[in-house]
Amino acid sequence: LPHKFLEAVLADMRRAGLVRAQRGAEGGYTLTQPPAEINVGQVLRAVDGPLAGVRGMRPEETKYEGAAENLPWLWVAVRAAVRDVVDEVNLAELLSGRMPARVRKLTTRPDAWQPR
């Protein structure tokens, strides 16, 4: 990773309270909590903001007329589905590869590994 990019990610995580910085020769960054207590969703939100944005808005803020009026329901469902994965996997599980069974099961779908 480019140094500046990594610094920006760590700064975002520090602002979110996920890491703390220590200056000096022994300095660096450390997690503020054990890895098992920080989920992937927290990291993604710290670095990228809301999990599901639609034209720069949160799903529940979108409004459509006519045939598309029900799209906000779809966007909210998409966000809920993403949450069901990223908020269920913590950093310890991610590092060890021992993800919750419910999340692992999603990877066994026939088309799960196929790009679309």
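Student: Which helices each supply at least two residues of the lining of the largest pocket?

Tutor: Rolling a probe the size of a water molecule over the atoms shows where empty space is left. In this predicted model, helix H3 (71-86) and helix H5 (101-106) each supply at least two residues of that lining. A helix here is a DSSP run of H or I with at least four residues, numbered from the N terminus. A pocket is an open set of points on a 1 Å grid over the protein atoms alone, where a 1.4 Å probe fits and protein lies on both sides within 12 Å along at least five of seven lines, and a lining residue has an atom within 4 Å of a point.

Student: What is the volume of the largest pocket, and which residues line it?

Tutor: Its volume is about 210 Å³, taken as the space filled by probe spheres set on the points, which are joined across faces, edges and corners. The lining is made of Ala81, Val82, Asp84, Val85, Val86, Arg102, Val103, Leu106 and Arg109. H3 provides the largest share, 5 residues, and by class the lining has 6 nonpolar, no polar and 3 charged residues. Here Asp, Glu, Lys and Arg count as charged, Ala, Val, Leu, Ile, Met, Phe, Trp, Tyr, Cys and Pro as nonpolar, and the others, Gly among them, as polar.

Student: Which residues make up the largest nonpolar core?

Tutor: In soluble globular proteins, nonpolar side chains tend to be buried together. The largest core in this model has 12 residues, namely Val9, Met13, Leu18, Val19, Ile38, Val40, Val43, Ala46, Val86, Val89, Leu91 and Val103. Helix H1 (3-15) and helix H2 (40-48) each supply at least two residues of this core, and H2 gives the most, with 3 residues. Such a core joins buried Ala, Val, Leu, Ile, Met, Phe, Trp, Tyr and Cys residues through side-chain atoms within 4.5 Å.

Student: Is Val9 buried or exposed?

Tutor: Buried means under 20% relative accessible area, exposed over 50%, and partly exposed in between, with a 1.4 Å probe and protein chains only. Val9 lies in helix H1 and counts as buried because its relative accessible area is 17%. Val9 and Ala46 are 37 residues apart in sequence, and their C-alpha atoms are 8.4 Å apart in space.

Student: Which residues does Val86 touch, not counting those up to four places away in sequence?

Tutor: A contact is a pair of heavy atoms within 4.5 Å. Val86, which is part of the pocket lining and of the core, touches Asn39, Val40, Gly41, Leu44 and Leu51.

Student: Where does Arg55 lie?

Tutor: Arg55 lies in the loop between H2 and H3, and its phi is near 50°, a positive value in a residue other than glycine. Arg55 is exposed because its relative accessible area is 63%.

Student: What is the mean pLDDT of the protein chain?

Tutor: Where pLDDT is low, the predicted coordinates should not be read in detail. The mean is 93, and 100% of the residues reach 70 or more, on a scale of the predictor's confidence in each residue from 0 to 100. Among the elements, H3 has the lowest mean (93) and helix H4 (residues 91-96) the highest (97). Local features need pLDDT of at least 70 and side-chain atom pairs count only at 80 or more, while totals for chains, interfaces and linings use all residues. Residues are numbered from 1 along each chain as its sequence is written, and side-chain values use heavy atoms, with hydrogens and water left out.
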